[in-house]
Amino acid sequence: MNQKVLPEFSMDQIIEIVRGTRKIIMDAEARAHVHRKGPADFVTDVDFHVQEYLSGELARLYPEIQFMGEEKDNRELDLDGALWILDPVDGTTNLIHQYRQSAVSLALCAGRQVVAGIIYNPYSEEVFSARKGEGAFCCGQPMQVSRAETLAESLVEFGTSPYYREYADWTFHTAEKIFLHCQDIRRTGSAALDIAYVAAGRSEAFYEKRLSPWDYAAGLLLVQEAGGRVTDFGGKLQDPTRPSEVLATNGKVHGEMLRLLSENSRE
């Protein structure tokens, strides 16, 4: 299946389905059932229940669209076809600690291009959404990236790639270098929300050394539709069905960020 034969879909309908995950995410008993997948990599029953709910609802409405989820084996998928890309809980460690910075991230991809994206924060009940060519929205209101021109005017967010501790030296050395060039830095522990905040103009940039498709696919479209830019650390566009470095900015500070990331990679 390619983008030309992507079935018609209703953004409003999909948003309502995603909002239906709030009750699941707020289930304290399910949150307390924690399973360890690897170093610093955890999953809870909430993750499984959200994925089961959304995959079922999406299959019922759009049976012809494939489904990629963080908590399943995705090896059988045709990545050139149409597929949903879901992170049922982006920020599971936050969820475990009740840090209240977790999100559901859902993208629709066709022909390896993101055509729709939704990021939902069940705590604030904010819904960030975009459909390709139609702009980006927060709770139905248009949103745009920040107008800041330089890093000196900017708030920068970053991720630590916690599953890849071998990147720790690079990550924190880079954070220090960027901190010295910007107003301040932040880390929420949810890449999806961080990228959504760039799209909403709340920060000017976000970067992380390695993210999976479900971490960034929806946010990629949000930032693009809000007037920003998303690339890898070499300035190239990502294949949103593959893991990648991610730099998301308001566009105006992208060059400065790429330079600092490149310099640090050489050191």
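# Structural briefing: fold, selected residues and salt bridges

The protein comprises nine helices and 14 strands. The model is a predicted one. A compact globule of 267 residues would have a radius of gyration near 18 Å, and the value for the protein, 17 Å, agrees with this.

**Overall dimensions and surface**

- Taken along the principal axes, the box filled by the C-alpha atoms of the protein is roughly 50 × 40 × 35 Å.
- Buried residues make up 55% of the 267 in the protein.
- Among contacts with a separation of 6 or more, 64% are between residues 24 or more positions apart.

**A217, in helix α8**

- Helix α8, which spans residues 213-225, contains A217.
- A217 has a relative accessible area of 1% and is therefore buried, the cut-off being under 20%.
- Beyond residues up to four places away in sequence, A217 touches I85, A107, V114 and P240.
- A217 and Q238 are 21 residues apart along the chain, and their C-alpha atoms are separated by 9.4 Å.

**E157, in strand β10**

- E157 belongs to strand β10, residues 155-158.
- Although E157 is buried, it has no salt bridge. The nearest side chain of opposite charge is that of R186, 7.7 Å away; a salt bridge requires the side-chain nitrogen to be within 4 Å of a carboxyl oxygen.
- With neighbours within four places in sequence left aside, the contacts of E157 include R186, T188, D194, Y197 and V198. S203, A205, F206 and Y207 are also in contact with E157.

**R187, in a loop**

- R187 is located in the loop between β11 (184-186) and α7 (191-199).
- The relative accessible area of R187 is 36%, so this residue is partly exposed.
- Setting aside neighbours within four places in sequence, R187 is in contact with F158, G159 and T160.
- R187 and Q66 are separated by 121 residues in sequence and, C-alpha to C-alpha, by 32 Å in space.

**Salt bridges**

- Side chains of opposite charge can pair when their charged atoms come close. The whole structure holds 11 salt bridges.
- E57 and R60 form a salt bridge with an N to O distance of 2.7 Å. Both residues lie in helix α4 (residues 45-61), three residues apart, which is about one turn of the helix. E57 is partly exposed at a relative accessible area of 21%, whereas R60 counts as exposed at 54%.
- R202 and E126 are joined by a salt bridge of 2.6 Å, N to O. Because R202 lies in the loop between α7 and β12 (205-211) and E126 in strand β7 (residues 126-131), this pair ties together parts that are 76 residues apart in sequence. R202 is partly exposed, at 39% relative accessibility, while E126 is buried, with a relative accessible area of 16%.
- D184 and R186 also form a salt bridge, their closest N and O atoms being 3.1 Å apart. D184 is partly exposed at 28% relative accessibility, and R186 is partly exposed with a relative accessible area of 40%.

Methods. Residues numbered from 1 in each chain as written. Predicted model: local features only at pLDDT ≥ 70, side-chain atom pairs only at ≥ 80, totals over all residues. Heavy atoms only, no water. Helix = DSSP H or I, 4+ residues; strand = E, 2+ residues; numbered from the N terminus. Rg over C-alpha atoms; globule rule 2.2 N^0.38 Å. Buried < 20%, exposed > 50% of the residue type's maximum accessible area, 1.4 Å probe, protein only. Contact = heavy atoms within 4.5 Å. Lys, Arg positive; Asp, Glu negative; His and termini not counted.
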